[in-house]
Amino acid sequence: MAGNASVARLIAGSIPAVQRDIKDTHVLEEADETDVPTWEETQALQTEWGELNAKKKAAAKKKEPFDPADEARFTEVNRLISLRFKKDTAMTLEGNGYKDGPAKWYEDVKDAKFLGQTITVHQKLADKLAEAEKVFLKAVGTEKAPAGGWTRVSSDLRGPGQGLHSYGLAVDLKGGTNPYLVTPSKTSQGATGEPLKRSQAIQDIIDRAVLLVLGKTPDEEKFGEAPAETDKAKRAMLSYDKLEEASNALETYFTLVDPTKKADLDARVTAIAAKDTANRTADDWPSPTTEPRSGPSPPRRTGRRPRRAFSIWIAAWSRPLSVLA
Ligand SMILES: [Zn+2]
């Protein structure tokens, strides 16, 4: 059976290399249909895979050769599991109303460009991303992209069984390289190159603004966390609300540098005194002498979601950070 599939692959030689590879990894050949294990069989195969994998690792650790019979079985188990995933992929496409079959689907998974990066996605996603790119580039206007571009891709097409990525319908962008996104953590720094120092400084300002303006400690705000809501769609909307609230708080925060706002600042400092672990007085909060005199204009708010005012403004302020710390 496997031999037939190999012949079929050779015949498919006129297909460009990238797509031929995707066909090999994602599309179930007719010749392999009868070899596809049932789900029950697949579960047993996965258990066996785990055992063989452990054996192989143990052998490598002891610098002993892996038993050739085990190696052959390992290859076969891998092949069978992958056939199941390919079959599942075909069924999922069909179950979602795609009637042209996986071969046609994966013909439309090819290299595309997004913000200067090459990605391998289905045409349907490529079209959406092209739209998003237009909107994004219009929004940033003449602003210069950071070194390495606005975004970098860390994952696009994955093997069958790996969610939307395996259909060419998902792409992971290294958000940490985009100054408009803030996730201060060693993990993000390591995985995406997001400068921890910069992000932490921005996060600290957000925390101070949220405390002084909304009266919420960082622990109460949990800025980096999604709102506690089980409904996915609602949670997404609530996330935007949360961002907007913090964005507005930041805007108010920066207005407090104005000497005419001294009474307002004093009142706020008094109101949050019990929550301020740093025990700051009004003098310790941003004042006209320590804040930059000029900055970018406040964010424009539109009634449409998602609201991007917050992130844009944060980015614009990330340069004079040192004077705000
Ligand atoms: Zn992903």
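Which residues of the largest nonpolar core touch the most other members?

Reply: Quick caveat: this is a predicted model, where local features need pLDDT of at least 70, side-chain atom pairs count only at pLDDT 80 or more, and totals for chains, interfaces and linings use all residues. Residues are numbered from 1 along each chain as its sequence is written.

Now the core. A nonpolar core here is a set of buried Ala, Val, Leu, Ile, Met, Phe, Trp, Tyr and Cys residues joined through C-beta atoms within 7 Å. Buried means that 20 or more other C-beta atoms lie within 10 Å of the residue's own, with C-beta atoms placed from the backbone (exposed is 12 or fewer, partly exposed in between). The largest core has 17 residues, and Y106, V109, A112, I119, V121 and V171 touch the most other members. At least two residues come from each of α4 (68-95), α5 (101-107), β1 (109-114), β2 (117-122) and α6 (123-140); helices (H or I, at least four residues) and strands (E, at least two) are DSSP runs, numbered from the N terminus. β1 gives the largest share, three residues. Domain 1 (2-105) and domain 2 (110-173) each put in at least three, with bounds from an automatic or database domain assignment.

Zooming in on V109, and skipping neighbours within four places in sequence, its contacts are I22, T120, V121, H122, L157 and G168. Contact means C-beta atoms, placed from the backbone, within 7 Å.

Key:
Contact = placed C-beta atoms within 7 Å.
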